[in-house]
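Here's a quick tour for anyone just starting out with protein structures. Have a look at the picture first, then follow the notes below.

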Amino acid sequence: MWLVGAAGAQLALLAFALSVPDARSAGRSSKAAGYDVQAKLAYCEDCHGRSAQGFHGYFPIPRLAGQQPEYLKNQLEALVEHRRTNNIMFNVAHSLSPGMIAALATDFRALNPPPLGGGARHLVPTGEKIFQNGVPEANVAACAACHGPEAQGSGEIPRLAGQLSDYVYNKLINWSKERGQNPTERDISAVMSPVAHSLTRAQVEAVAAYLSYLK
Amino acid sequence: MNAVPIKAAAVAVAVLAASAFGAHAESGMVRNCTWCHGGSAQGYSPAPRLAGQRPTYIEQQLVSFAHHTRDTPFSKQYMWGAAGNLSPRVAHALSVYFSNLPARAADDGNRELVAWGEAIYQRGMPEENIAACVACHGPNAEGIGTIPRIGGLDYTYLKRRLEQWAEGYHGSLVHPMPHIATQLSRNQIGELARGRQAEHGVAVLPATRFGSFLDPLWVKSL
């Protein structure tokens, strides 16, 4: 009885000890949230471009403006869970709280800068045809079927409109090396594997060019 | 007393080395550059190394000097004049010429801090909102296009350049270096740097809060 009582008292103490700093830090973080989000946003935009329109660094750094919030959240989780590989973003994703991710995703969703473009202009009509109709002879479905006729995405399916052409190209060419890397975790990226595998490099380049100019 | 003969000797060496470029079509112009940037363009503080630099970057910087957008004191004092009368053709030729020269690392930083500097370079400091340099400058700090090669540049130049961005001087690119440099210069980072330096057994702390953090970045020889 004494032992149980002692344990109970300890639990109560522990609960008290935990609840006090929790309440305090909750108050503080809500006060600082606005500033923290703005500072984090500026940090994201150091690489992703001033209006999150994307940036050509050593690597193509993707556009986040107008992106689907659920897609951003899922990708940041994918990085932490080793479903998606990227050394730089792995460290970034680790430092973001769920609340911060939600706030950033909402802010990025609201941005609407013009696309950077960059794809080869002469490939745009071919890219549009592939995006809207697929490649029936290669059993590739229309990209528009999931990403939407204007490539705006939905939920965990990303917006592709205005995405950097070399980013789209690199992702599709390396799909099986960068996505779905943790077999123990469910990953929507599996949907894209056969598509990425079936498209030729020339077709990928054309689709990427089309998307890079899309508003 | 010794300073004058040493400087004279350095100039003489620079001139002798420059004469090796005699066969080059732009040799007069090349000598005009190597006078300050060193006989083989390896840099001669405070003038940075040009050898092996990205040609597009050099060309873009020459334009920014000529247009007075890069406005640091040494830019005003030396480079505005030097770049002011270059034709686009000569600016291009010089850029290509220097980019093709073999580069040596300055190797003039504190070696104790290399590992830490590399960690910041490759991973950034996400908690402190400091972006990873590697995303733009590349895995070996080699640069690309208008983004400069920074691997192996001398410590003083790199450190001063970042300080100047944080102080409000302008480069040719508005984004994103001024913001990143400002993040690096924050007091909090200086404190953090001191803690890490103590860990690394470095006894002497640089006088500026800023320098203490930036030290490790520029040590790595590439």
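Start at the N terminus of chain A and walk along: its elements come in the order α-β-β-α-α-α-α-α-α-α-α-α. Keep in mind that you're looking at a predicted model.

- Chain A is built from ten helices and two strands.
- Chain B has eleven helices and zero strands, so its order, read from the N terminus, is simply α-α-α-α-α-α-α-α-α-α-α.
- How much of each chain is buried? In chain A, buried residues make up 33% of the 215 residues, while in chain B 38% of the 222 residues count as buried.
- Now take the contacts in chain A with a separation of 6 or more: 68% of them link residues 24 or more positions apart.
- Do that for chain B, again with a separation of 6 or more, and residues 24 or more positions apart account for 63% of the contacts.

**Two helices that cross in chain A**

- Two packed helices are described by the angle between their axes and the distance between the axes.
- Which residues do the touching? Helix 2 of chain A brings A:L76, A:L79 and A:V80, and these meet A:M89, A:F90, A:A93 and A:H94 in helix 3 of chain A.
- Sorted by class, this contact between helix 2 and helix 3 of chain A has six nonpolar residues, one polar residue and no charged ones.

**Where chain B meets chain A**

- On this interface, 18 residues of chain B are in contact with 16 residues of chain A.
- Which elements of chain B give two or more residues to the side that touches chain A? They are helix 7 (134–137) and helix 9 (177–185) of chain B.
- Helix 7 of chain B gives the most to that side, with four residues.
- By class, the side of chain B that touches chain A splits into ten nonpolar, six polar and two charged residues.

- You'll find B:P46 in the loop between helix 2 (27–37) and helix 3 (55–66) of chain B.
- B:H68 isn't a glycine, yet its phi is positive, near 65 degrees. This residue lies in the loop between helix 3 and helix 4 (73–84) of chain B.
- B:N129 isn't a glycine either, and has a positive phi of about 60 degrees. Look for B:N129 in the loop between helix 6 (114–123) and helix 7 of chain B.
- B:N129 has 20 other C-beta atoms within 10 Å, so B:N129 is buried.

Key. Residues are numbered from 1 along each chain as its sequence is written. Chains are lettered from A and ligands numbered from 1 in the order in which they are written. This is a predicted model: local features need pLDDT of at least 70, side-chain atom pairs count only at pLDDT 80 or more; totals for chains, interfaces and linings use all residues. Two residues are in contact if their C-beta atoms, placed from the backbone, lie within 7 Å. Ala, Val, Leu, Ile, Met, Phe, Trp, Tyr, Cys and Pro count as nonpolar, Asp, Glu, Lys and Arg as charged, and the others, Gly among them, as polar. A residue is buried if 20 or more other C-beta atoms lie within 10 Å of its own, exposed if 12 or fewer, and partly exposed in between; C-beta atoms are placed from the backbone.
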